[in-house]
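Subject: Structure handover

Hi,

Here is the structure for you to look through. Please open it first, then read my notes.

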Amino acid sequence: MDICDVNGVSLGVDEFGEPDAPLVLCLGAPTMLSWPDALCEQLAAQGRHVVRCDLRDAGASSHGDLESPDYTLRDLAADAAALARAFDERPAHLAGIGISGMIAQVAALDHPDTFSALTLIGTRPVAPGPVDDDLPDHDQATMEPLFSRPLPDWTDVDSAADFMAEGARILGNDADEAREVAARIWQRTQDTDPETHLADQLGMVFSRLDCQPRWRERLPQLKVPTLVVHGRLDPFFPVGNGEAIAREIPGARLLVLENASTAVPAADVPEVVTAMVGL
């Protein structure tokens, strides 16, 4: 893992594959470990140069005021464009998952010459907060037990990992895999402060960003090949969100993972990799 200085900030990055291969930039949500190792390795084996990165205020990237971030969603989109250009002068394949799927949509719209393809996994076409009337909101039967739990001792790796594993179980993801990833995220967290661990594990800083103006109405302007991947069982951003994105981006392909929730299960990684390479 390394650090790349772009757009006035330092971003943590991790690379797979040969540097002269076509670039796939995977935006963290909020850390790079949102992207499974197996997915990155298999993309690299298919002849891609994969770079996964931490967002600002996450992982190894620059940290500021976590309570009042001094940047916007558009700044994160500009970070993505600058990072892509730093690694390859050719247009890149941009990929976002969850909250970083929102960043990827805006980056592709605001910087159309920087990106040649777009993959959006488990995301939605509007910012955090109230959803449009035609979009399904979070499943409240799942959210209540997910968010009513007492917080763990974030300064203890086992406590943090157990909390994240239980959250994964509630969401319908693999709890053992979530525990392992949470422990890895914990080890990479820059500070022992509980708020920093909370930001890395749950991406809470993103919910405090200025995400205006809206971008959903601009989605028909996208001209790049787009893959929309969504878990059929996703209770956080239900599948209707992915279906809406795929309808509104011209020519987009929708890949619904029938047995998946918010994460890409190990069994589905080969299918997702094949679809991404197919772009």
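Below are notes on the domain record, the salt bridges and a charged patch.

First, the ground rules. This is a predicted model, so to speak: local features need pLDDT of at least 70, side-chain atom pairs count only at pLDDT 80 or more, and totals for chains, interfaces and linings use all residues. Residues are numbered from 1 along each chain as its sequence is written, and side-chain values use heavy atoms, with hydrogens and water left out.

**The domain**

UniProt, in an unreviewed entry, places "domain: AB hydrolase-1" at residues 22-260. UniProt positions follow the numbering used here, feature names are shortened, and annotations may be inferred rather than shown by experiment. The span is 38% helix and 14% strand. Its end C-alpha atoms lie 28 Å apart. Helices (H or I, at least four residues) and strands (E, at least two) are DSSP runs, numbered from the N terminus.

**Salt bridges**

A salt bridge is a side-chain nitrogen of Lys or Arg within 4 Å of a carboxyl oxygen of Asp or Glu. The count by this rule is 17.

Take Asp37 and Arg52. Their side chains meet in a salt bridge, at 2.9 Å from N to O. Asp37 sits in helix H1 (residues 37-45) and Arg52 in strand E4, 15 residues apart. Asp37 is partly exposed at 26%. Arg52 is buried at 2%.

Next, Arg90 and Asp88. Their closest N and O atoms are 2.7 Å apart. Arg90 is partly exposed at 40%, whereas Asp88 is buried at 9%.

Then Asp134 and Arg216, which also form a salt bridge (2.7 Å, N to O). This pair links distant parts of the chain, 82 residues apart. Asp134 is in the loop between strand E6 (115-121) and helix H4 (140-147). Arg216 is in the loop between helix H7 (194-202) and strand E7 (226-231). Shared partners join Asp132, Asp134, Arg214, Arg216, Glu217 and Glu248 into one network.

**A negative patch**

Which residues form the negative surface patch? They are Asp65, Glu67, Asp70, Asp191, Asp193 and Glu195. Patch residues have over 30% relative accessible area and no salt bridge, with like charges joined within 9 Å. Asp65 lies in the loop between strand E4 (49-53) and helix H2 (73-87). Asp65 is partly exposed, at 45%.

Best wishes

Note on methods. Patch = residues over 30% accessible without salt bridge, like charges linked within 9 Å, V, L, I, M, F, W, Y side chains within 5 Å. Areas by Shrake-Rupley, 256 points an atom, 1.4 Å probe, with all protein chains shown as cover. Lys, Arg positive; Asp, Glu negative; His and termini not counted. Charge placed at Lys NZ, Arg CZ, Asp CG, Glu CD. Buried < 20%, exposed > 50% of the residue type's maximum accessible area, 1.4 Å probe, protein only.
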